[in-house]
Amino acid sequence: MTIAALVISLLALAVAVAAAWYTRRQAKAASGTLALEEARRHDEVVPRISGEVERLKHAAPYARLCLRLETSPALTELRVRLLDAPVDVQFSSGQLGIDTSSRSPHHEAFAPVHNGVALKPFDRATWQLELNDVSQQRLQIQADAAVGDEWWSVLVTVDVPPPTPN
């Protein structure tokens, strides 16, 4: 009788160890699936941003860069950077959205935040550009956008219109 009880106890212990191992394996798999789902969801809600450059009439070499948020929700932060821009293509100093403590050339800007919102859906953020390099036909802009604690980096390609004759 005691031998049968010992065998049953050992069998129950083996089943408990196997159940614990299986449960741990399932928890790891669920954790991996959750991480994949979070990454997929993050990729699905990437803000869509479009841009355009408009040369200012009778104000060469100045132009206006407009970035428009084409999706919801509103962005809580927006930072933009001119990628591979020559020195003489820059954000004009002294405007809102330019770090006044940084030195020229200004290749980075930000959208000022009002009431926790940097850019509303289907609205535009604008900055003045200096386009002294007339050969520049396209600008590559990296827009770092945030909604709360989630950040995305969006590449925006903007065509630069030719200078207007004065």
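**Surface.** I looked up the accessible surface of the protein in this predicted model. The total comes to about 10,800 Å². Of that area, 57% belongs to carbon and sulfur atoms. I then checked burial. Buried residues are 29% of the 166 residues.

**Charges.** I counted 16 positive side chains and 19 negative ones. The centres of the two sets lie 4 Å apart.

**Overall dimensions.** I compared the radius of gyration with that of a compact globule. For 166 residues, such a globule would come out near 15 Å. The protein has 28 Å. I also noted the box filled by the C-alpha atoms. Along the principal axes, that box is roughly 110 × 35 × 30 Å.

**Elements.** I went through the secondary structure next. The protein has one helix and eight strands.

**Pro86.** Where is Pro86 found? I placed Pro86 in the loop between β3 (77–83) and β4 (89–91). Is Pro86 buried, partly exposed or exposed? Its relative accessible area is 23%. Buried means under 20% and exposed means over 50%, so Pro86 counts as partly exposed. Last, I checked Pro86 against Ser104. In sequence the two are 18 residues apart. In space, Pro86 and Ser104 are 12 Å apart, C-alpha to C-alpha.

Conventions: Residues are numbered from 1 along each chain as its sequence is written. This is a predicted model: local features need pLDDT of at least 70, side-chain atom pairs count only at pLDDT 80 or more; totals for chains, interfaces and linings use all residues. Side-chain values use heavy atoms; hydrogens and water are left out. Helices (H or I, at least four residues) and strands (E, at least two) are DSSP runs, numbered from the N terminus. The radius of gyration is taken over C-alpha atoms; the globule rule is 2.2 Å times the number of residues to the power 0.38. Buried means under 20% relative accessible area, exposed over 50%, partly exposed in between (1.4 Å probe, protein chains only). Accessible areas come from the Shrake-Rupley method with a 1.4 Å probe; for residues, only the protein chains shown count as cover. Lys and Arg count as positive and Asp and Glu as negative; His and the chain ends are not counted. The place of a charge is taken as NZ of Lys, CZ of Arg, CG of Asp or CD of Glu.
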